[in-house]
Structures are given as C-alpha cells and as structure tokens.
Amino acid sequence: MAVERVCVIGAGVIGSLYAGHLARNVEVSVLTRRAEHADALNADGLRISGKSDFTARVRATAEPGEIEDFDLGIVATKATQLEEAAGALAGRFPAATLMTIQNGLGAEELVRNHGDWPLFSAVTFMSGVRHDDTHVEYELDTETWLGPFAGTATFEQAQEVEALLIDAGLHARAFLDLRPAQWSKLIFNATVNSVSALTDLPHVSAFAARDGETDLGNLVHDLMDEGKSVAAAAGVPLHEDPWLMNVQAVRRGETLAAEGHYAHVPSMLEDVRAGRPTEIDFITGALVREASRHGVPAPLHTAMYRLVRARETA
Amino acid sequence: MRIAVIGCGAVGSLFAANLGTLDDVEVWAYDPWQEHVDAINANGLRLSGAGDVVGRVHATADPGELPPCELGVVATKSQHTSAAMADTAHAFEQGSVCSVQNGAGNEELVAEHVRQVIRGTTFPAGRVIEPGHVRWDTKGDTHIGPFEPSPAPMDAVEALADACTRAGMPTHALADARGAQWRKLIFNAASNAIAALTGRTHGRVAEAPTRELAWAVMAEGRAVAEAQGITLDMSPEELFDHAARKDVAYGHKPSMLQDVEAGRETEIDFLNGAIVAFGERYGVDAPLNRALTELVKGKETA
C-alpha cells in the first residue's frame with residue numbers, strides 16, 4: 001500500500017501530533033469537531049513545539065462530507081466519540097485502510113460495524129499538551145505500536161505504516177499481533193486511570209508504594225494481578241508486565257518532577273475534574289466484560305467501574 | 001454521680017447537655033476548643049432542633065482539672081481517642097469509660113489507658129453551630145455493654161444506661177453490645193467510603209451503579225462479624241434502605257464525604273480499615289473493604 005494521502009479523524013492532542021508530523025512528507029487532511037478549529041488550521045497551519053519544532057500545512061474540515069479520498073485514515077477521537085466518527089465514514093473510502101488508536105478494547109470492532117475497511121490496531125504512548133487550536137506541544141516522544149487487526153491487513157502493510165511514521169519524525173513499531181501490547185496497556189490504563197480518578201491523585205509515587213499495609217500501591221498491584229488473570233483466561237500473553245510499566249512511569253515522573261515539571265494527570269482524572277464523561281466503559285468496562293466472557297471473577301475492577309461511573313454522575 | 005464527657009463535639013454535646021439536666025448527676029466536659037468551653041461555662045450547653053435543652057456542664061480545656069469520675073463517655077473523632085485518653089485517664093482510676101464513637105477499634109484504645117471499659121454505639125447526630133450551641137438533627141437509641149477483654153462491671157453499664165435514658169437519650173444496657181456495634185459499623189463503612197469516593201449522598205449510594213457494590217461491601221462485613229461469633233441485632237442492609245428513603249436521609253452527606261470535601265483526615269481506619277483488620281485476625285479476607293480503605297487513604301493525601 002503506497003500511502004500518499006493521510007486523513008486524521010479527530011484533532012485532539014494525539015491526532016494533531018500525527019497530522020503535523022505526517023504533513024511534512026505526505027498530503028494530510030484533518031477532520032475536526034468544530035468549524036472554527038478547522039478554519040484556524042486552514043488559515044494558520046499546525047504548529048508543533050517541544051520535542052519537535054515546526055509548523056505544517058494541513059487541509060482541515062469539520063464536515064465529513066468534504067473529506068477527499070485517502071489511503072490511510074488514523075482514527076484519533078476519544079473512545080467516547082468513536083461511534084459518531086465511524087458513522088461519518090460509513091459507506092465511503094473503499095480503498096482506504098484505517099488505524100484505531102483508542103484506549104481500551106473494542107475500537108476495531110466498533111469501526112468494522114460501519115464498513116469492511118482493512119484495519120490496523122494501534123496503541124500510542126505519546127503525550128502532549130494542547131495550547132490552542134493550532135499549537136500542540138509534543139511532550140513524551142514515545143512509540144506508537146501497531147499491528148494488523150484480525151487478518152484484515154498484513155504485517156508488511158503495518159511495517160509500511162511504521163516506516164511512514166518514523167520518516168515523519170515519530171517513533172513506531174510494527175507487531176505481528178498487537179494484542180499482547182494492547183492488553184498490557186489496557187491493564188495499566190484500567191488501573192492507573194480509575195485509581196487516579198477516584199483518589200484525585202496524579203500518577204505519583206504513591207501508586208508504586210507497598211511498604212505499609214494500607215498503601216495505595218497494594219491496590220494498584222491487586223488490580224493489575226486481577227487484570228493479568230483476565231488476560232490469561234482470554235489466552236493473551238502480555239507484552240510487558242503492567243506493574244513494571246507502572247513502576248517505570250512513576251520513576252520517570254519523579255525525575256521530571258525533580259526537574260520542575262508537573263506530575264502526569266491521567267486523562268480520566270482530567271475528565272472527572274472537568275465534569276466530562278470518562279472512557280471508563282472502554283477501559284475498565286472492557287476488562288470487566290472480557291472477564292465475564294471468559295468466566296473469571298474481577299471483583300476489584302467491577303468495584304472500580306461502579307465507583308467511577310457513580311462519580312461521573314454525582 | 002459524676003460523669004465526664006471526653007470530646008464535646010456534636011455527639012459529646014448531646015450526651016453532656018442532656019445529662020446536665022439531671023439533679024443527681026454532675027457533668028464535666030473536656031474539649032480542647034477554648035471558645036466552646038467558655039461559652040458552656042458562661043451560659044450552659046444548649047441544644048436545639050430535635051430537642052431544646054440547656055444543660056449545666058463544667059467544661060474545661062485543661063484535662064488536669066477533671067475530678068475523679070464514676071463514669072466517662074468518649075466522643076472524640078476516632079483518630080484522637082488515644083491522645084484524649086492519655087490526657088484524661090487520671091479521672092477514671094476508679095471509674096468506667098464508655099466509647100460512643102463511630103466504627104470499631106476505639107474500645108481497644110481506651111483500654112490501653114483505663115481498666116473498666118464499656119462498648120457503645122449511638123445513633124443520635126447533630127452539628128456544632130456556634131460555641132456552646134449544638135443543633136440536634138437526629139434522635140435515636142444507644143446500646144452499651146461491657147468491653148469483653150477489659151470489662152466494666154454490669155452495674156456501671158446499667159447506671160450509665162439509666163442516667164442517659166432518664167436524661168432523654170434512650171440507652172440499652174446489654175451483656176453483649178457487639179451486635180449493635182457491628183450492625184452500625186457495617187452500614188457506615190459501606191455508606192461513608194462509597195460516598196467519599198464518588199461524591200454521592202447516602203440515598204444515591206443506595207442506587208445503581210453503587211448499590212450492588214454497597215451490598216457486597218456489607219456482605220464482607222457480615223462475614224467478619226460472623227467469624228467473631230457476633231449476632232447482628234438488626235440487618236445493616238435494611239438500615240441502609242431505610243436511611244435512603246426520601247423522608248429519612250436520602251440527601252445526607254455521610255461524614256466521611258464531608259471530611260474529604262473539607263480536606264480533613266477521615267475515620268477510615270475505624271470503619272472499613274477495622275473490618276479488614278478484624279477480618280485478618282479471624283482469617284476472613286475483605287478485599288473490597290481493603291480497596292476502599294486504600295482509595296480513601298490515597299484521597300486523604302491528594
């Protein structure tokens with residue numbers, strides 16, 4: 001698959017980081033939610049600062065009907081807005097391949113309900129900060145991992161996308177099967193996001209503290225153990241131990257804090273602080289549904305799911 | 001008879017003011033809040049709301065001033081029990097001391113300082129609205145009985161129950177008060193911790209999606225009570241539903257939610273934390289209560 005035209009659906013922080021970098025090498029169109037956002041991008045271009053520093057030209061619109069044909073579509077909406085975005089693509093772009101990068105599980109199936117495009121599953125560890133509609137700061141320049149979804153695309157095609165992202169100045173890695181990595185991130189996210197949303201704590205060292213009997217790290221560890229047992233029941237070997245991911249992220253956070261940066265606020269805590277709906281259904285909810293499907297108990301994640309849901313609607 | 005109330009916040013004031021209406025009882029109150037102490041000594045301790053009462057009470061912020069007493073009633077927040085008892089134990093060398101605090105684990109702390117201890121559970125509630133003046137929100141019963149590892153004699157338990165009941169605070173003297181205490185503990189642990197984490201009132205905690213969680217948390221508490229050979233005197237689940245009624249306490253913010261909203265330390269160690277600790281002692285796992293304890297303790301540090 002020769003990728004000459006990319007469409008990024010959803011221009012939040014992650015979508016903007018893909019759009020800006022890729023626009024340096026290929027033609028990039030962007031679908032935004034707000035017309036003013038599209039107008040501003042068309043007028044001023046998209047500035048990326050931080051780990052990269054440039055301004056890119058992109059073609060933006062808030063009207064799905066105005067999107068022109070593309071070879072690769074990167075679906076970068078929040079999981080809560082995925083249904084609407086996939087619906088807007090339905091029945092069109094038969095030659096395109098799509099890539100979903102949503103948190104949690106189930107994005108691929110949801111998109112495939114709207115059309116039989118070949119799909120890449122993807123997860124990303126990049127992060128950034130949105131300054132305004134046309135300026136995003138590239139903060140954490142970590143990898144995007146992708147792989148063919150359920151035989152709809154090939155590993156060679158995934159490697160082409162990997163090369164495309166690397167040429168654009170991003171970090172990427174193609175996998176034969178993404179599920180082990182996807183599940184590692186799922187268990188990590190289900191735990192860290194829900195604990196953070198309920199305690200109001202950013203992802204700080206308390207998440208890895210297990211010295212005292214009632215230290216928070218004990219709960220984090222128990223939740224990850226429960227998640228691992230669900231993965232085992234689903235027959236998915238994990239790519240990384242989510243507990244080690246947690247310990248490493250906390251240590252990296254301590255280093256950054258020592259340099260004067262703010263502690264990382266997980267997106268679910270941002271959402272509850274802002275009174276927005278969270279992605280709990282796609283993350284912890286997905287894990288609980290998988291547990292039930294494979295007949296293993298997940299009482300702690302079930303409790304976290306109910307508590308976050310209740311907090312959303314307090 | 002001389003009775004000292006240790007910790008004269010809302011609940012302590014309900015006991016002190018009502019007991020202060022009796023002619024045959026001399027009531028003392030120890031509390032570190034000087035303005036409250038001064039107001040009580042100047043004008044008496046006033047209750048309004050569910051009952052209008054002005055009690056004669058000798059108040060002091062200096063524990064050294066407490067005279068020897070036959071009976072004590074401890075009503076501090078649980079996290080202050082140890083310090084308050086260390087300061088006041090001298091007044092109870094010949095006396096018996098009753099905890100009417102929330103949760104479980106307070107009697108054990110009282111017993112580190114006093115020989116004759118009474119286990120207690122009280123339902124009435126209120127709030128301090130100004131120095132010397134407490135709003136009495138809810139009336140209700142109190143259940144007391146000897147604390148088994150370091151018991152007060154039964155006649156001391158009966159003397160306290162009799163004085164409280166005559167003063168307008170119906171109090172039952174029981175040989176075994178654990179059933180009443182654990183019924184309230186199990187109810188409180190579920191309502192308070194879930195409310196503190198979600199921001200929901202009691203009535204909304206009793207609804208989806210937290211209703212099933214609350215019931216699972218109470219089931220763990222029941223298992224820990226059963227392992228100790230405790231027979232609950234009432235169903236905590238029925239109490240939960242009763243309190244959730246619109247005409248009872250649907251819109252009530254449990255005290256732990258009020259504490260986290262005000263950035264104060266909570267009583268989590270004596271509620272869900274106590275269920276976990278007693279469970280460990282008796283070989284019963286309480287993973288949901290442990291998770292709630294760790295979450296609330298995390299939230300306290302946020």
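Modeller: Axes are lines fitted to C-alpha atoms, for helices over the stretch in contact, and angles run from 0 to 180 degrees between N-to-C directions. Helices (H or I, at least four residues) and strands (E, at least two) are DSSP runs numbered from the N terminus. The model is predicted: local features need pLDDT of at least 70 and side-chain atom pairs count only at pLDDT 80 or more, while totals for chains, interfaces and linings use all residues. Residues are numbered from 1 along each chain as its sequence is written, with chains lettered from A and ligands numbered from 1 in the order in which they are written.

Biologist: At what angle do H10(A) and H11(A) pack?

Modeller: Helix H10 (residues 284-293) of chain A packs against H11(A) at about 140°, and their axes are 9 Å apart. The crossing is left-handed, a term that applies if the near helix is turned anticlockwise from the far one by less than a right angle, clockwise being right-handed.

Biologist: Which residues of H10(A) and H11(A) meet?

Modeller: Two residues are in contact if their C-beta atoms, placed from the backbone, lie within 7 Å. On H10(A) these are Thr284(A), Gly285(A), Leu287(A) and Val288(A), which meet His301(A), Thr302(A), Met304(A), Tyr305(A) and Val308(A) of H11(A). They divide into five nonpolar, four polar and no charged residues. In this scheme Ala, Val, Leu, Ile, Met, Phe, Trp, Tyr, Cys and Pro are nonpolar, Asp, Glu, Lys and Arg are charged, and the others, Gly among them, are polar.

Biologist: What makes H8(B) oblique to H11(B)?

Modeller: The axes of helix H8 (residues 211-227) and helix H11 (residues 272-281) of chain B come within 9 Å and cross at roughly 40°. That angle therefore makes H8(B) oblique to H11(B). Under 35 degrees counts as roughly parallel, over 145 as roughly antiparallel, 65 to 115 as roughly perpendicular, and the rest as oblique. Glu220(B), Gly221(B) and Val224(B) of H8(B) meet Ile275(B), Phe278(B) and Gly279(B) of H11(B).

Biologist: Over how many bridges do E9 and E10 of chain A pair?

Modeller: Two strands pair if DSSP finds at least two bridges between them. Strand E9 (residues 127-132) and strand E10 (residues 135-140) of chain A have five, in the antiparallel sense. Asp132(A) has His135(A) as its bridge partner, and E9(A) and E10(A) form a hairpin with two residues between them.

Biologist: Which are the edge strands of the open sheet in chain A?

Modeller: The open sheet has eight strands in the order E5-E2-E1-E6-E7-E8-E11-E12, with mixed pairing. Strand E5 (59-61) and strand E12 (171-174) of chain A are its edges, each pairing on one side only. Within the sheet, strand E7 (residues 97-100) and strand E8 (residues 119-124) of chain A are parallel over three bridges, and Thr100(A) stands opposite Ser121(A).

Biologist: How many residues of domain 1 of chain A are in contact with domain 2 of chain A?

Modeller: The bounds come from an automatic or database domain assignment, which gives domain 1 (5-174) and domain 2 (179-312) in chain A. By the contact rule, 11 residues of domain 1 touch 10 of domain 2. The centres of the two domains, over C-alpha atoms, are 25 Å apart.

Biologist: What supplies the largest share of the side of chain A that touches chain B?

Modeller: In total, 18 residues of chain A are in contact with 20 of chain B. H11(A) gives the largest share of the chain A side, eight residues. By class, that side has 11 nonpolar, three polar and four charged residues.
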